[in-house]
Amino acid sequence: MLKEKIQDALNLQINKELFSAYLYQSMSADFAAKNFDGAAGWMAKQAGEEVEHAQRIYKHIIERGGKVVLKAIDAPKTSWKSHLDAFEEAYAHEQMVTDSINKIVDLAQAEKDHATASFLQWFVDEQVEEEDQTSAIVEKLKMIKDAPGALFMFDAHLGRRE
Ligand code: FEO
């Protein structure tokens, strides 16, 4: 049985994952409106992954005999100045998510909830990958700066994300 404190933290994390999906889908929509189909596709895939993250936590709460409580999802921004602006925000957002996951791991350990601590290890590893991915894109975009040809090619590259 899940302790209430842990259940509350996990429910809040579901909300953060769903907000992440909303944020990336909004970035996708902004890129699509500006005909940057590659980045639009990349962000749409990321949004899909975030929904899966929320579903994983949802399943864990249910499996542990807890209750999922869905809360309102904040509206994301709708416009970004550039690829760099959006990906810098995505990177900062992922760092915030990592911090949030780490805090729940700390709580699970303090409460001796080994099952939740073990479950969250997948997220700890996933966040390493997510931060690495987004920061690498930010670094490449900084190199590209305002070169339109390079940006056009990099956008197409983003669209080939598996
Ligand atoms: Fe589910 Fe991008 O953190």
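Biologist: Does His-93 count as buried or exposed, judged by its relative accessibility?

Modeller: This is a predicted model, in which local features need pLDDT of at least 70 and side-chain atom pairs count only at pLDDT 80 or more, whereas totals for chains, interfaces and linings use all residues. Residues are numbered from 1 along each chain as its sequence is written, and side-chain values use heavy atoms, with hydrogens and water left out. Buried means under 20% relative accessible area, exposed over 50%, and partly exposed in between, with a 1.4 Å probe and protein chains only. His-93 has a relative accessibility of 9%, so this residue counts as buried.

Biologist: Which residues is His-93 in contact with, leaving aside its neighbours within four places in sequence?

Modeller: His-93 is found in helix α3, where helices are DSSP runs of H or I of at least four residues, strands are runs of E of at least two, and both are numbered from the N terminus. With contact taken as heavy atoms within 4.5 Å, and with neighbours within four places in sequence left aside, the partners of His-93 are Phe-19, Ser-20, Leu-23 and Tyr-24.

Biologist: Which residues is Thr-98 in contact with, leaving aside its neighbours within four places in sequence?

Modeller: Thr-98 lies in helix α3, and it is buried because its relative accessible area is 16%. Once the neighbours within four places in sequence are set aside, Thr-98 is in contact with Gln-127 and Glu-131.

Biologist: What does Gln-25 count as, at 41% relative accessibility?

Modeller: Gln-25 has its place in helix α1, residues 4–33, and, not counting residues up to four places away in sequence, it touches Ala-44 and Ala-47. The C-alpha atoms of Gln-25 and Glu-52, which are 27 residues apart along the chain, are separated by 14 Å. At 41% relative accessibility, Gln-25 therefore counts as partly exposed.

Biologist: What is the phi of Asn-35, which is not a glycine?

Modeller: Most residues other than glycine have a negative phi. Asn-35 lies in the loop between α1 and α2 (37–63), and at 64% relative accessibility it counts as exposed. Although Asn-35 is not a glycine, its phi is positive, at about 65°.

Biologist: What is the phi of Lys-145, which is not a glycine either?

Modeller: Lys-145 has its place in the loop between α4 and α5, and this residue counts as exposed because its relative accessibility is 67%. Its phi is positive although Lys-145 is not a glycine, with a value of about 50°.

Biologist: Which element gives the largest share of the lining of the largest pocket?

Modeller: A pocket is an open set of points on a 1 Å grid over the protein atoms alone, where a 1.4 Å probe fits and protein lies on both sides within 12 Å along at least five of seven lines, and lining residues have an atom within 4 Å of a point. The residues that line the largest pocket include His-83, Leu-141, Lys-145 and Pro-148. The elements that give two or more residues to this lining are α3 (83–110), α4 (114–144) and α5 (148–158). The largest share, three residues, comes from α4.

Biologist: In what order do the elements of the protein run from the N terminus on?

Modeller: The protein has five helices and zero strands, and its C-alpha atoms fill a box of roughly 55 × 25 × 25 Å along the principal axes. Buried residues make up 44% of the 162 residues. From the N terminus on, the elements run α-α-α-α-α.
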